[in-house]
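Colleague: Could you walk me through the backbone and packing features here? I'd like the general idea, then the case at hand.

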Amino acid sequence: MTERDDVDGIVEQWQRERPDMRPEPMAVFGRIYRLARVVGDQQERTYARWSISRGEFDVLAALRRAGEPYTLAPKALAASLMLTSGGMTGRLDRLERAGLLRRSPDPADRRALQVTLTPAGRELVEEAAEAGLAVQRRMLDALPPEDQDRLADLLRTLLAAVTDRAR
């Protein structure tokens, strides 16, 4: 068993103070929140080498994953990143000023826009993605490969269950 952490102490305090409350879920979600924060902070530092934030990386990565011609509608980008249109506009503005993407009229609908990754944006996102994955791999090296697979399966199952309940 791994050594105790701060989350164990928090759960024990609640169990002592409110035994009727059953705080066991805190053992899972407290660690998920803390892990997300540690990984997120590390990703921010990694992407800062390219003068982009994690959120800006996410936009560039979504365009790159779309495949050639690396183009999506702003609404599709916002939906895939779970952002409001206002949040997306700010990111697009910064990335366009940096020359990493361009916005242009959609040839199929002149009232609509499309967002396209520039060659500089593609080069940057590919380098940043490699660096970000290296950080994540180093963190996951704390677990043997079979535990990494098991954890991914458990989190997939939990995410599907809570997503279905939230609808």
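This is a predicted model: local features need pLDDT of at least 70, side-chain atom pairs count only at pLDDT 80 or more; totals for chains, interfaces and linings use all residues.

Colleague: What is phi of Arg-22 near?

Modeller: General idea to begin with: most residues other than glycine have a negative phi, and most peptide bonds are trans. Here, phi of Arg-22 is near 55 degrees, a positive value in a residue that isn't glycine.

Colleague: And the peptide bond from Glu-68 to Pro-69, is that cis or trans?

Modeller: That one is cis, with omega near 10 degrees. You'll find Pro-69 in the loop between α3 and β1 (71–72).

Colleague: Now the helix pair. At roughly what angle do the axes of α2 and α3 cross?

Modeller: The axes of α2 (residues 25–48) and α3 (residues 54–65) cross at roughly 75 degrees and come within 9 Å. Angles from 65 to 115 degrees count as roughly perpendicular, so α2 is roughly perpendicular to α3.

Colleague: Which residues make the contact?

Modeller: From α2, Gly-40, Gln-43, Glu-44 and Tyr-47; from α3, Arg-54, Gly-55 and Phe-57. By class, the contact of α2 with α3 has two nonpolar, three polar and two charged residues.

Colleague: How about the surface: which residues make the nonpolar patch?

Modeller: Val-28, Phe-29, Ile-32, Tyr-33, Leu-140, Leu-143, Leu-151, Leu-155, Leu-158, Leu-159 and Val-162 make a nonpolar surface patch of about 890 Å². The elements giving two or more residues to the patch are α2 and α7 (145–166).

Colleague: Which element gives the most?

Modeller: α7, with five residues. Leu-159, one of the patch residues, is found in helix α7.

Technical notes: Residues are numbered from 1 along each chain as its sequence is written. Side-chain values use heavy atoms; hydrogens and water are left out. Axes are lines fitted to C-alpha atoms, for helices over the stretch in contact, and angles run from 0 to 180 degrees between N-to-C directions. Helices (H or I, at least four residues) and strands (E, at least two) are DSSP runs, numbered from the N terminus. Angles under 35 degrees count as roughly parallel, over 145 as roughly antiparallel, 65 to 115 as roughly perpendicular and the rest as oblique. Contact means heavy atoms within 4.5 Å. Ala, Val, Leu, Ile, Met, Phe, Trp, Tyr, Cys and Pro count as nonpolar, Asp, Glu, Lys and Arg as charged, and the others, Gly among them, as polar. Patches are made of residues with over 30% relative accessible area and no salt bridge: like charges are joined within 9 Å, nonpolar side chains (Val, Leu, Ile, Met, Phe, Trp, Tyr) within 5 Å. Accessible areas come from the Shrake-Rupley method with a 1.4 Å probe; for residues, only the protein chains shown count as cover. A salt bridge is a side-chain nitrogen of Lys or Arg within 4 Å of a carboxyl oxygen of Asp or Glu.
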